[in-house]
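Take a look at the chain below.

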Amino acid sequence: MKTCLYLAVLFSLAGFLIPVKGELKKSLVTLKQDVQTLRERVTDLASRLKNAETTKLDLAERLSKAMKIIENLKSERTVKKRAFTSSQVAFYAALRHSVHAMDPHHAVVFDDVFTSTSPDVYNDVNGMFTAPVSGLYCFSWTNNVDATDYQSTELVLEGKPMAWAYADTKGDQNEDDYGSSSQTILLKVDKGQHVWIRTGAQGKGTLHGEDYTSFSGFLVYQTDDSTSTGD
């Protein structure tokens, strides 16, 4: 009797477990398929990420090359814009601050350089122009003095006075007035010779700054270095 009861229970459990086992198998198969699908998706995403990184590096390299090309073009443009031939010589400089009590024949240093075709043309430390080539040059300068003041200036070539200018306001009673004088000269200068402005014998050695006092020059035409005399 007990044996029959046990058999009945076992058959009952078997009838219950067989469908459960089938469902578990189906779930396991579905789970394996889902895992495989996820693996494929992860592999695809990893491949896409790798391709994106490669594309990013490629774009970065292209951008870097493009920037270098742009910088080179800017540099070439700047060089072409700033490059002058030996026959293109010009400068313009002015006196930034007023100077006082200079001795006679003292070089005037125009320290505010507005234009210069080469750093070697005009020296804003000693105030001298150095001719890069022999030729005929045009020089101009203006000296400005305060009210009730006066000062003479000279343009010199290798220490020899070649032209003079004289500004005078000492007879003017208006303290707000300023006086100026200007001079222009055409001068043959040999390569390597120096031209500058200096104070003359008359005056108290005072010149008004703020760019009112200035010095400029340019090459009119170049001559053969072997035949130029500078006289």
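Why is strand β5 (residues 150-157) largely enclosed by the rest of the structure? Seven of its eight residues are buried, so the rest of the structure largely encloses β5. Buried means under 20% relative accessible area, with exposed over 50% and partly exposed in between (1.4 Å probe, protein chains only). Strands here are DSSP runs of E with at least two residues, numbered from the N terminus.

A word on the source. This is a predicted model, where local features need pLDDT of at least 70 and side-chain atom pairs count only at pLDDT 80 or more, while totals for chains, interfaces and linings use all residues. Residues are numbered from 1 along each chain as its sequence is written, and side-chain values use heavy atoms, leaving out hydrogens and water.

Now follow the sheet. It is open, has four strands in the order β3-β8-β5-β6, and its pairing is antiparallel. Its edge strands are β3 (129-130) and β6, each pairing on one side only. Two strands pair if DSSP finds at least two bridges between them.

Start from β5. Eight bridges link β5 to strand β6 (residues 160-168), in the antiparallel sense. Val156 stands opposite Pro161 in β6. The two strands β5 and β6 form a hairpin, with two residues between them. In that turn, Glu158 has a positive phi of about 50 degrees.

Next comes strand β8 (residues 194-203). β8 and β5 pair over six bridges, again antiparallel. Here Leu157 has Val195 of β8 as its bridge partner.

Thr130 has His194 in β8 as its bridge partner.
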